[in-house]
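Subject: Structure handover

Hello,

Please find the structure below, with the sequence alongside. My notes on what was found follow.

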Amino acid sequence: GTTTVLSQTPTQYGSGFVTFTVTGAASVNEAITVSVDFNGTGLIDQTAAGTGTITWAAPTSGSAAPASSGTVAGLNRSGLNIDFNSFQPSVGQGAVTYTSLLRVANTGANAGTVSVVLTNDTTGVVLGTYTSASVPSGAAIQLTAAALESGSVPAVTPSASVLYRLRVTGNITGYAQHVNWNQTAGFFSDLSGRRTAVTSAD
């Protein structure tokens, strides 16, 4: 008759399974439902369907603890899902000034937003997440490093020694590009290795 919401960090995570422990009431005399929602900061592209198993602690008295299991649905992220590495911060990188630009094109029939997760390209630490305004069908947006840094939550303080890795996801069909502007030599370079909506691009 009551709802309990708990926040848990899994004790094990990997190899296709996750394990965590929940401390509940001293006794349970009615049917209960256990729901697990993922709301962390890690990135999960896909998981295979499987089985969830609940192991109850041994009761102090009465009948034996029940064994419970159920089906766990698979997960497959749809829409835009692209990675870029070596994205330049908004501060100078030395004698030659490079400027990184992120271009996202919506080639689908419906408008939608994109999310850009900025991580430290060397350590993988998540720095912040930028959420765009709605991108109309047939349109494109271009974002500078400064716009991504200041618009992220939390805001990202740029450092000349830290390059970014970008994970671009969204509920649109299209492609993204990492374009680099060499201000010293005066030319653009397209650093996008691939532009498939569900494939990494480095």
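How many bridges join strand 9 to strand 10, and do the two run parallel or antiparallel? Five bridges join them, and the strands run antiparallel. Please keep in mind that this is a predicted model.

Strand 10 covers residues 126-131, and its T131 is the bridge partner of S115. Strands 9 and 10 form a hairpin, with five residues between them. In the turn, G124 has a positive phi of about 80 degrees.

Strand 9 also pairs with strand 12: seven bridges join these two, again in an antiparallel arrangement. Here V114 has G170 of strand 12 as its bridge partner.

These pairings belong to an open sheet of four strands, in the order 7-12-9-10, with antiparallel pairing. Strand 7 and strand 10 are the edge strands, each pairing on one side only. From one strand to the next, the twist averages 15 degrees. As background, strands of a sheet pair through backbone hydrogen bonds.

Next, the core. The largest nonpolar core has 20 residues. L102, V104, V116, L148, L166 and V168 have the most contacts inside it. Two or more residues each come from strand 7 (80-87), strand 8 (98-106), strand 9 (114-120), helix 1 (145-151) and strand 12 (164-170). Strand 7 gives the most, with four residues. Leaving aside residues up to four places away in sequence, L148 touches F87, L102, V116, L118, Y130, L143 and L166.

Last, the charged residues. The structure holds two salt bridges, and D83, R165 and R167 are linked in a network of them. In general, side chains of opposite charge can pair when their charged atoms come close.

- D83 with R165: the closest N and O atoms are 3.6 Å apart. D83 lies in strand 7 and R165 in strand 12, so this pair ties together parts that are 82 residues apart in sequence.
- D83 with R167: the side chains meet at 2.2 Å, N to O. R167 lies in strand 12 and D83 in strand 7, so this pair ties together parts that are 84 residues apart in sequence.

Are these residues buried or exposed? D83 counts as buried because its relative accessibility is 7%, where buried means under 20%. R167 is buried as well. R165 is partly exposed, with a relative accessible area of 26%.

Regards

Conventions: Residues numbered from 1 in each chain as written. Predicted model: local features only at pLDDT ≥ 70, side-chain atom pairs only at ≥ 80, totals over all residues. Heavy atoms only, no water. Core = buried A, V, L, I, M, F, W, Y, C linked by side-chain atoms within 4.5 Å. Buried < 20%, exposed > 50% of the residue type's maximum accessible area, 1.4 Å probe, protein only. Contact = heavy atoms within 4.5 Å. Pairing = 2+ DSSP bridges. Axes fitted to C-alpha atoms, helices over the stretch in contact; angles between N-to-C directions. Salt bridge = Lys/Arg side-chain N within 4 Å of Asp/Glu carboxyl O.
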